[in-house]
Amino acid sequence: MRQRRKDGGGVVSSAIENPNLYKEEEKKFSNTKRVFALCLAFRIVNALFIQTYFNPDEHWQALEVAHRIVFGYGHLTWEWEKGIRSYLHPLLFALLYKVLALLGLDTPWFMIKAPRLLQSVFSAVGDLYLYKLSHVLFGHCVAKWALFSQLANWFMFFCFNRTLSNSFETVLTLVGLYHWPCMRISSSNIPLHSRKWGLAVAALACAIRPTSAITWVYVGLLELYLTQGRLKFILLEVIPIGALVLGFACLLDRLMYGSWVIVPLHFLKFNFLSSGGDYYGTHNWHWYFTQGFPVMVFTFLPFSITGIINSKYWKLSGLIAWVLGLYSVLGHKEFRFVLPVLPVALIFSGYSLATLQECDSSKGERKGSSNINSKWPSKRQMAILFLLATNIPMAFYMSSVHQRGTEDVMNYLSKEAMSEKVESILFLMPCHATPYYSRLHRDLPMRILDCSPRLNSGNSV
């Protein structure tokens with residue numbers, strides 16, 4: 001019997017006992033490369049296609065901060081003055097800007113497209129791990145339809161390639177879920193170091209977005225319930241790995257802020273203890289269940305619900321309910337907050353679509369059944385046609401038409417500023433409604449309306 005949880009040499013010793021193992025591993029690796037290449041090509045096209053404005057944080061909490069780090073000018077919002085944001089995420093794009101500057105490629109086109117092209121690489125990794133997670137849970141047939149659901153879903157196309165911390169959090173969520181033993185149907189063949197990787201990814205996600213702890217508390221409690229060495233899990237894995245990753249994040253923020261700033265503490269204090277996020281609007285408690293998440297899943301919703309019921313895999317579907325439920329407690333709600341569990345819902349959609357075809361690899365057996373050939377393929381084709389016919393127009397409109405003007409005006413101004421035709425700019429419009437210096441890329445006087453919350457009247461951090 002093969003034992004792969006002892007140490008790193010387990011795979012080698014197993015290969016000696018089973019000469020076909022190398023061929024199996026090579027086949028899996030080759031298939032993984034093909035899937036990643038497909039996803040990367042798709043996300044690159046996706047990134048180039050997006051021309052609309054969605055959420056201020058895409059620019060103001062990532063690119064604007066990165067631009068200031070590299071080029072020395074840019075606007076920092078009140079969150080950075082109060083220390084409720086970590087520099088981990090903006091530094092990814094700061095590195096990109098630095099490379100562009102060194103190569104002399106910090107032109108308007110590259111400054112506009114390069115950040116989303118970098119995000120497309122991260123997004124492709126997320127797509128790959130959605131495929132890998134679906135594969136280990138339900139097999140190849142479900143995995144390919146889960147990937148189809150992910151790529152075809154309008155909201156993933158619209159949002160996943162944007163430079164939001166939520167997009168990167170979603171990638172980390174998919175990578176982390178793949179490595180946690182408790183999320184598998186059987187953990188007998190998982191290497192022991194897999195859980196350590198899962199813990200590190202979870203800690204990194206929480207360092208970037210402290211609210212990501214909502215997801216990982218669920219996973220951690222589930223692992224604690226299912227594992228046998230609970231004390232060892234807590235003392236030798238959770239505490240050391242969590243302290244190491246979060247300690248690194250604190251040191252990085254200490255370097256960037258110039259003083260010790262415990263970002264997760266300030267973030268949670270503002271958003272949970274003082275309900276500071278309510279300043280930017282509130283929704284009814286049931287909004288995620290009745291409006292927000294259904295709009296994101298869109299026409300995949302009936303397939304996702306069917307997949308949840310038929311698969312009976314409650315550990316994964318329970319994660320969706322847990323995240324939506326806890327986020328519903330907060331008054332301030334946004335679509336992007338629950339983006340990390342959208343791919344999970346699409347996995348179940350893939351499960352449902354997979355049941356509409358015969359998954360037997362023997363084509364000879366399928367030819368012998370006229371009923372299957374005449375009935376199931378037509379249902380599958382109708383479902384695919386329905387999903388594509390509803391999601392493609394939505395993705396096209398939201399990504400290339402809706403709220404495009406605020407992006408176009410900055411694209412125009414950046415070219416005019418490059419030609420020295422602009423001296424100063426005043427924005428008389430809602431706060432943070434356009435990109436800023438990260439898009440203009442010229443150190444010109446610019447002014448905007450201020451809508452910072454009144455932190456001294458009950459919402460101090």
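Student: At roughly what angle do the axes of helix H3 and helix H5 cross?
Tutor: This is a predicted model: local features need pLDDT of at least 70, side-chain atom pairs count only at pLDDT 80 or more, and totals for chains, interfaces and linings use all residues. Numbering starts from 1 along each chain as its sequence is written, and side-chain values use heavy atoms, leaving out hydrogens and water. Helices are DSSP runs (H or I, at least four residues) numbered from the N terminus, and axes are lines fitted to C-alpha atoms over the stretch in contact, with angles running from 0 to 180 degrees between N-to-C directions. For H3 (residues 57–71) and H5 (residues 88–102), the axes come within 8 Å and cross at roughly 50°.

Student: What covers the buried residues of H20?
Tutor: Buried means under 20% relative accessible area (1.4 Å probe, protein chains only). In H20, the buried ones include Met410, Leu413 and Ala417. Their cover includes H3, helix H6 (108–138) and helix H21 (437–440).

Student: Which residue just after H20 takes a positive phi?
Tutor: H20 covers residues 405–418. Just after H20, a phi of about 60° is taken by Glu420.

Key. Helix = DSSP H or I, 4+ residues; strand = E, 2+ residues; numbered from the N terminus. Expected span 1.5 Å × (residues − 1). Buried < 20%, exposed > 50% of the residue type's maximum accessible area, 1.4 Å probe, protein only. Contact = heavy atoms within 4.5 Å.
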